[in-house]
Amino acid sequence: MHKKNIALEFEIDLPAYDCTDGAQEELIALLLTISSELSMNPTIYTNENNLWIYYGHSYFQCEILLNDLLYSIAYISHKYPISIYGCANGIETAQIILEVGNDKVKVQKLNVSGQDFSELYDLCLRISCPDQEQLKMLSDILQGIDYRHDFLLIKRNAFTNQSFTHYPDLDKNTYFRYLPLRPIDELDLDRFSYTLKQQVDLWLLLLIDGVSAVEFSVLMNKLEMGYLNSFFTWELSLRFALQQANVKITYDDNGFIMQDRNGKRILYDYVHGSPAQQLLLKIIFPAPPLHR
C-alpha cells in the first residue's frame, strides 16, 4: 500500500533443475518447513488471484528465507510466483520480491525507509495463481496443513491426482486421500482429527449421494469404544451439512421425519444401516437420559 524503496538488491545463482511439475508438492514442503521452524500453523486467506499464507505473531530470519529456503521458493515461483511480506525495524512494513530466472534469482528487499532488515515479524507469503478454480483447490488443500501431523488430507479429484503423483496412496477406498508427510508405510485412521469443513464433506457424501465413507466405520468404532473425543464437532458439522443439502428434520411424539430437498422422506436404519447412518441417527435422536 505504501510506496517502498529498495533497501537491498542482489542476485543469487541457482543450480539447474527441472521445474515442469511438482510445484504443489514443493509448496506443501515449504510451508511445513516454515511451520515447523515457527512451531505454528498458518492462516490461509484468498483475494483476487492470490493466496496469503499468514503466520501471525511470528519472527523469522531473512537469512533462512534467502539461503536455506531460496531454492524451494524459486522452484515454486516458476508456477506460482511468491512474494514475502512482514514487519521489519519496528512497525515498518517490508517486502521481499523474487524475480526468478532459469539459473539465477534477483532479490529485492523493500521498505519505506530504504534501510536493510535482517528479520521479519508477522511473516506472510503471497502466492499468485490466476486460475480461480485452481486457487480455490490450493486454498482447500493448504487449509489442512498441520506441522504436528503425519498426514495431509486432500480431496480426490483430477487436480490432486495429477499434482501429487509422487505421494503414495495408502488406502484407495477412503473418501479423502491421506498424503504422508513423513516416511510412513501404513495408514491408521484412528489417529486423525478432521477439520469442521472436512466433517461437513463426509456428511454431504451421505446426505446427497447416499454413500458411507470408510472414515465413518472408524468413527463409529471409536464412539462405541469411548474414544471419540470430538463428538460435538460431528453434531455441529451435521447441522451445516443438513442446511447445505437442504434436508429437513421434524420431530413428533413418535420420533422424527427426515425429508430431502424435494420433500421425499429419507429412511435410515440404525441396526442394519451403514456406519454413517448410525452416527447420524445417534446424533439427531440420542437415547433419553437415565433417571436417578
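Gln278 touches Met220, Tyr270, Val271 and Gly273, leaving aside residues up to four places away in sequence; contact here means heavy atoms within 4.5 Å. Gln278 is buried, with a relative accessible area of 15%, where buried means under 20% relative accessible area, exposed over 50%, and partly exposed in between (1.4 Å probe, protein chains only). Its place is in helix 9. Helices (H or I, at least four residues) and strands (E, at least two) are DSSP runs numbered from the N terminus.

This is a predicted model, in which local features need pLDDT of at least 70 and side-chain atom pairs count only at pLDDT 80 or more, while totals for chains, interfaces and linings use all residues. Residues are numbered from 1 along each chain as its sequence is written, and side-chain values use heavy atoms, with hydrogens and water left out.

The secondary structure of the protein comprises 9 helices and 13 strands, and the C-alpha trace spans about 75 × 40 × 40 Å along its principal axes. Of the 292 residues, 45% count as buried. Among contacts with a separation of 6 or more, 66% come from residues 24 or more positions apart. The protein exposes about 16,300 Å², of which carbon and sulfur atoms supply 49%; accessible areas come from the Shrake-Rupley method with a 1.4 Å probe, and for residues only the protein chains shown count as cover.

Axes are lines fitted to C-alpha atoms, for helices over the stretch in contact, and angles run from 0 to 180 degrees between N-to-C directions. These strands belong to an open sheet of 3 strands in the order 11-12-13, with antiparallel pairing. Its edge strands, each pairing on one side only, are strand 11 (248-252) and strand 13 (265-266). Two strands pair if DSSP finds at least two bridges between them; strand 11 and strand 12 (residues 255-259) have 5 bridges in the antiparallel sense. Asp252 stands opposite Gly255 in strand 12.

Turning to helix 1 (residues 23-38), its 16 residues should span 22 Å at 1.5 Å a residue, and its end C-alpha atoms are 22 Å apart, which agrees. The expected span is 1.5 Å times one less than the number of residues. Buried residues of helix 1 include Ala23, Glu25, Leu30, Leu32, Ile34, Ser35 and Leu38. Gln24, Leu27, Ile28 and Leu31, also buried, meet Gln134, Leu138, Ile141 and Leu142 in helix 4. Helix 1 and helix 4 (residues 132-143) pack at an angle of about 40°, with their axes 12 Å apart. Their crossing is right-handed, a label used if the near helix is turned clockwise from the far one by less than a right angle, and left-handed if anticlockwise.

Just after helix 1, Ser39 takes a positive phi of about 55°. Further along, strand 2 (residues 43-47) and strand 3 (residues 50-54) run antiparallel and are joined by 5 bridges, with Leu51 in strand 3 as the bridge partner of Thr46. In their hairpin, which has 2 residues between the strands, Glu48 takes a positive phi near 50°.

Finally, Phe240 is found in helix 8 (residues 231-245) and is partly exposed, with a relative accessible area of 35%. Phe240 touches Leu196 and Val200, not counting residues up to four places away in sequence.
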